[in-house]
Amino acid sequence: MKKSILSIIVFAVTLVFSNEVAAQKFEGLDKSPMDAATYPSNYRVSEKTVKIVYSRPKLKGRSLAKLAPIGKVWRTGANEAAEITFYKDVTFGGKKVKAGTYTLFTIPGESEWTLILNTAKNVWGSYFYSESEDVARVIAPTSKSDETIEAFSIVFEGEDDAFNMYIGWDNVIVTVPVKQ
């Protein structure tokens, strides 16, 4: 009888303390959460042409030039460099691109940005960017937004097989035409 009671007590104590050991600690939300944009953007259309996964930093009173320096290769967002997947062969800003997944780097400029599709994948920042891995470089014009765009954003808009990719942040909008 004493052995049974002792066994029950040991089991109960083990059960109580094992709950603490197995408890998970979940981190809070990232300051620059990941997002995705697709074309077509309608969730009911399952056959997509393109999808981009990127992180969305916010200005928080900082200048765009400080966060995405003019003339320097930038990861196109925050944290990991943006990755863009084309599910079909496309013409991206006038350059033919085969279906596949690429890292999207950019070089911000005053009146135009250079968008770079690169074969490197799973890249943190642009620290190890290598021009030798470039697939295409596209010069895209910028325009000014009427309102400040606080969080870095990418959207696709258009109709059928011709659409635009828009990159917006602060008061800058970069436009890249895409065609199937």
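Colleague: Where is P40 found?

Modeller: P40 sits in the loop between β1 (34–39) and β2 (50–55). Strands here are DSSP runs of E with at least two residues, helices are runs of H or I with at least four residues, and both are numbered from the N terminus. The model is predicted, so local features need pLDDT of at least 70 and side-chain atom pairs count only at pLDDT 80 or more, while totals for chains, interfaces and linings use all residues. Residues are numbered from 1 along each chain as its sequence is written, and side-chain values use heavy atoms, with hydrogens and water left out.

Colleague: What is the peptide bond from Y39 to P40, cis or trans?

Modeller: That bond is cis, with omega near -5°.

Colleague: How many aromatic pairs are there?

Modeller: Rings of Phe, Tyr and Trp (its six-membered ring) pair if their centres lie within 6.5 Å; planes under 30 degrees apart count as stacked, over 60 as edge-to-face and the rest as tilted. The count by this rule is 10 aromatic pairs.

Colleague: Why is the pair of W74 and W113 called edge-to-face?

Modeller: The ring centres of W74 and W113 are 6.1 Å apart and the planes stand at 85°, so the pair is edge-to-face. This pair links distant parts of the chain, 39 residues apart: W74 is in the loop between α2 (64–67) and β3 (82–86), and W113 is in strand β7 (residues 112–118).

Colleague: Are W74 and W113 buried or exposed?

Modeller: Both W74 and W113 are buried. Buried means under 20% relative accessible area, exposed means over 50%, and partly exposed lies in between (1.4 Å probe, protein chains only).

Colleague: What makes F152 and W169 an edge-to-face pair?

Modeller: Their rings are 5.5 Å centre to centre, with 75° between the planes. F152 belongs to strand β8 (residues 134–159) and W169 to strand β9 (residues 162–179), so the pair ties together parts that are 17 residues apart in sequence.

Colleague: Why does F152 count as buried, and why W169?

Modeller: F152 has 0% relative accessibility, so it counts as buried. W169 has 2% relative accessibility, so W169 counts as buried. Y54, W74, W113, F152 and W169 form one aromatic cluster.

Colleague: Why does N122 count as exposed?

Modeller: Its relative accessibility is 65%, so N122 counts as exposed. N122 lies in the loop between β7 and β8 and has a positive phi of about 55° although it is not a glycine.

Colleague: Why does D160 count as exposed?

Modeller: D160 has 64% relative accessibility, so D160 counts as exposed. D160 lies in the loop between β8 and β9.
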